[in-house]
Amino acid sequence: MIPKYVDVHCHPNLAGLKENQDEVIATMAEEGVLGVVVGTNLESSREAVALAHKHEHLFATVGLHPNYTQKEEFDRRAFAELLEQPKVVGVGECGIDYFRQSTTTAGEVGGEGWKEKQWEVFRQHADLALEHDKPLMVHCRPSKGSMDAYEEVADYLEFMPHQNVQHSSVEQGRGTQEVVQYPDSAQADIARGRKGVERVERAVPRGNMHFFVGSLDVARRFWSLGFTTSFTGVLTFTKEYDEVVREAPLDMLLTETDAPWAAPVPHRGEVNQPVYVRHVLDAVARIKGISPDEASRAILQNAERVFGISLGARVA
Ligand SMILES: [Zn+2]
């Protein structure tokens, strides 16, 4: 196949698409869609890796979603083993989710200590990303009407020196090798962005902010850290994120579906499919005022740079 599109975040490994997985994946190949199959816990991560091994146009990321950190112990060794497998191109999805807790009766979703647990597990993913020299696939969702989770994750990353993540050096996409460990309490302070905490000598992981729904201000913070932002079918039914897409440097944008969720127009209300990523690409092109071909080329290149998806090898 000749790749035309890339869906950097989809879940054919989860209920909704799993039932017709073969068909979903075959259609992607027919339509020239490369896909990153994202794990949300150990089991679905293993399945993502198996799919990537089976299909030339699929790649995998492995991680424990922040909404599962209270349900499943993070088995760091098992994830580290998966990261050594071929075609595993990133760590995640992982991150911080305050939205569910903020929209549900307190305690119902997370239980006691849910916030601390999310941070502890996220930091472990960041460590793994550096150890294995892989990008992070970050799920970040603030409380309703707030940018809190984005601000805190940006604080966490910014409190580390970023010699390797200036925008101009994103090309290299490599962390430095020196990783200095620091105590957990310091990590928690850094995560909260408290003043008076000394910067620690440590490399910053690279990565992508998946399903980006933040403000232009927080987007700029992530771009300057070298993190890309990926957008979904949401672009097809609201103009809320048009400004962020318009202002984004073309090399910091990615497309995704998050299928089976968030189907774009004209498929609203259906189960989302990775092939619908073309509607996301069209939306990006329209908002940026460029041709779909130009957008497609740029986004395929970005996916190659960030996730190391080797496009040359994909062209049949
Ligand atoms: Zn996801």
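Asp258 is found in the loop between β8 and α10, where helices (H or I, at least four residues) and strands (E, at least two) are DSSP runs numbered from the N terminus. Asp258 has a positive phi of about 60° although it is not a glycine. Is Asp258 buried or exposed? Asp258 is buried, because 24 other C-beta atoms lie within 10 Å. A residue is called buried if 20 or more other C-beta atoms lie within 10 Å of its own, exposed if 12 or fewer, and partly exposed in between, with C-beta atoms placed from the backbone.

This is a predicted model, in which local features need pLDDT of at least 70 and side-chain atom pairs count only at pLDDT 80 or more, while totals for chains, interfaces and linings use all residues. Residues are numbered from 1 along each chain as its sequence is written.

The loop between β8 (253-255) and α10 (277-288) also holds Pro266. A cis peptide bond joins Val265 and Pro266, with omega about 10°. Another cis peptide bond joins Gly92 and Glu93, with omega about 20°. Glu93 is placed in strand β4 (residues 88-97).

Asp133 is a residue other than glycine with a positive phi, near 55°. The loop that holds Asp133 runs between α5 (114-131) and β5 (136-141). Asp133 is partly exposed, because 15 other C-beta atoms lie within 10 Å.

Now consider the chain as a whole. The chain has 11 helices and eight strands. Of its 316 residues, 49% are buried. Two residues are in contact if their C-beta atoms, placed from the backbone, lie within 7 Å. Among contacts between residues at least 6 apart in sequence, 73% join residues at least 24 apart.

In soluble globular proteins, nonpolar side chains tend to be buried together. A nonpolar core is a set of buried Ala, Val, Leu, Ile, Met, Phe, Trp, Tyr and Cys residues joined through C-beta atoms within 7 Å. The largest such core here has 89 residues, and those touching the most other members are Ala60, Val62, Val153, Val245, Val284, Ile299 and Ala303. Leaving aside residues up to four places away in sequence, Ala60 touches several residues, including Val37, Ala48, Leu51 and Val89.

Tyr241 sits in the loop between β7 (228-231) and α9 (242-247). Tyr241 counts as buried because it has 22 C-beta neighbours inside 10 Å. Not counting residues up to four places away in sequence, Tyr241 touches Val213, Phe231, Val234 and Leu235. Tyr241 and Ile287 are 46 residues apart in sequence, and their C-alpha atoms are 9.7 Å apart in space.

Two helix pairs remain. Axes are lines fitted to C-alpha atoms, for helices over the stretch in contact, and angles run from 0 to 180 degrees between N-to-C directions. The axes of α6 (residues 148-158) and α8 (residues 216-224) come within 10 Å and cross at roughly 25°. That makes α6 roughly parallel to α8; angles under 35 degrees count as roughly parallel, over 145 as roughly antiparallel, 65 to 115 as roughly perpendicular and the rest as oblique. Tyr150, Glu151 and Ala154 in α6 meet Val218, Arg221 and Phe222 in α8.

The axes of α2 (residues 42-54) and α3 (residues 76-83) come within 11 Å and cross at roughly 10°. Therefore α2 and α3 are roughly parallel to each other. Leu42, Ser45, Arg46 and Val49 in α2 meet Ala78, Phe79 and Leu82 in α3.
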